[in-house]
Amino acid sequence: RKLPFVPEGKTDRLKRCMDIFEMQVAGLKKRMSAAGNKLVIGVSGGLDSTLALLVCVRAASEMNLPASNVHGITLPCFGTSSRTYKNAVELMRVLGISQKEINIKDACTLHCKDIGHEMDNFNVTYENIQARERTQVLMDYACKIGGFVVGTGDLSELALGWCTYNADHMSMYGVNAGVPKTLVRHIVQYVADTCGQPVLRDVLVDILDTPVSPELLPSATDGTIAQQTEKLVGPYELHDFYLYYVLRFGFGPAKIYHLALAAFAGRYEPEVLLAWLRNFYRRFFAQQFKRSCLPDGPKVGSVTLSPRADWRMPSDACNALWLKELDEIEAK
């Protein structure tokens, strides 16, 4: 199956989405009972922050707390697109949470100046400055109001290390940490279809239609998003496929590659599958150091990358044997 994390039948898929959403809510409620009932979350207008925000609002409701106990903060900067910004603002308005906007352009510009980084050098440093500034603001604001930061990163991003260390990588509780990207999309769709609020549904549908992006590089002149994640790290449907068979069954590269050939026949050429599988292993091993110090989060499925639950892996593990197996496949 192309999407092993997502049930094929509509009934089973809806039940899985409902169950996972409720587990996310239950986990957050438990943390709130220990850490306080004011939640702070960065709202970008993307899929992951949308799901995390929906979980926050539901948790507050089930604890008989006002939606205003959820503090959503938009943090626009150099790469923020008009579409995601508009959706973030509208989503917070419809949900009735406390809204705040903190533009971080000046802070990031000053930081670039402080460390001698040229503003036209759009490298990883340029991107990480923005990501870390956002996390600092969220953490400090949470401290100010006596709340805690709810993280938004998902399981697929953790597998690939597609997060900035001590930035979006960090929070006080990560509600999406056990949910792969292919399933995030279906859970948001589930909420859209069952919320009974046409305005909320419209916003969620537009968010679902927006390309996945970290939005850390300036938008194009026509306002379109410059960075599209799947063009950089590969299709999430492939990475989630690889991740499932690595974690759930412990299969090696050769077996996973042959399973992918069968599952994605006619959709991807063999060399494309092999290239992204190589990229998966390269990133999966190299980025373990980020997973070794993850914040807490609920386990909602059969696999997790939490260092306190199912996954034990040294940060300096070597991927040579796995890449050698891929070299042998490529040589045939």
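Helix α4 (residues 105–115) and helix α5 (residues 124–145) pack at an angle of about 130°, with 10 Å between their axes. This is a predicted model, in which local features need pLDDT of at least 70, side-chain atom pairs count only at pLDDT 80 or more, and totals for chains, interfaces and linings use all residues. Residues are numbered from 1 along each chain as its sequence is written, and side-chain values use heavy atoms, with hydrogens and water left out.

- Helices (H or I, at least four residues) and strands (E, at least two) are DSSP runs, numbered from the N terminus.
- Axes are lines fitted to C-alpha atoms, for helices over the stretch in contact, and angles run from 0 to 180 degrees between N-to-C directions.
- α4 and α5 are therefore oblique to each other; angles under 35 degrees count as roughly parallel, over 145 as roughly antiparallel, 65 to 115 as roughly perpendicular and the rest as oblique.
- α4 and α5 make a right-handed crossing; a crossing is right-handed if the near helix is turned clockwise from the far one by less than a right angle, and left-handed if anticlockwise.
- From α4, the residues A107, C108, H111, C112 and I115 meet T125, I129, Q130 and E133 of α5, where contact means heavy atoms within 4.5 Å.
- The residues of this contact of α4 with α5 divide into five nonpolar, three polar and one charged. Here Ala, Val, Leu, Ile, Met, Phe, Trp, Tyr, Cys and Pro count as nonpolar, Asp, Glu, Lys and Arg as charged, and the others, Gly among them, as polar.

**The α11 and α12 pair**

- Helix α11 (residues 253–263) and helix α12 (residues 270–286) cross at roughly 140°, and their axes come within 10 Å.
- That angle makes α11 oblique to α12.
- The crossing of α11 and α12 is right-handed.
- P253, I256, Y257, A260 and L261 on the α11 side meet P270, L273, L274, L277 and Y281 on the α12 side.
- Sorted by class, the contact of α11 with α12 has 10 nonpolar, no polar and no charged residues.

**Cysteines**

- Zero disulfides turn up in a search of the whole structure, a disulfide being a pair of cysteine sulfur atoms within 2.5 Å.
- C108 is in no disulfide, and the nearest cysteine sulfur, that of C77, is 4.0 Å away.
- C108 is buried, with a relative accessible area of 0%; buried means under 20% relative accessible area, exposed over 50%, and partly exposed in between (1.4 Å probe, protein chains only).
- C143 is in no disulfide either, and the nearest cysteine sulfur, that of C56, is 18 Å away.
- C143 is exposed, with a relative accessible area of 65%.

- Most residues other than glycine have a negative phi.
- N64 has a phi near 60°, a positive value in a residue other than glycine.
- You will find N64 in the loop between α2 and β2 (70–74), where N64 is exposed at a relative accessible area of 71%.
- N166 also has a positive phi, near 60°.
- The loop between α6 (155–160) and β5 (173–174) holds N166, which is partly exposed at a relative accessible area of 47%.

**Buried residues and their contacts**

- D48 belongs to helix α2 (residues 47–62) and is buried, with a relative accessible area of 8%.
- Neighbours within four places in sequence aside, D48 is in contact with T152, D154, E157, N176, K181 and V184.
- G178 sits in the loop between β5 and α7 (181–194) and is buried, with a relative accessible area of 7%.
- G178 and P298 are 120 residues apart along the chain, while their C-alpha atoms are separated by 6.6 Å.
- Again leaving aside neighbours within four places in sequence, G178 is in contact with L155, P298 and V300.
- G161 is in the loop between α6 and β5 and is buried, with a relative accessible area of 3%.
- G161 and F289 lie 128 residues apart in sequence and 8.9 Å apart in space, C-alpha to C-alpha.
- Beyond its neighbours within four places in sequence, G161 is in contact with R283, Q287 and K290.

**An exposed lysine**

- K10 is part of helix α1 (residues 10–35) and is exposed, with a relative accessible area of 58%.
- K10 and L91 are 81 residues apart in sequence and, from C-alpha to C-alpha, 26 Å apart in space.
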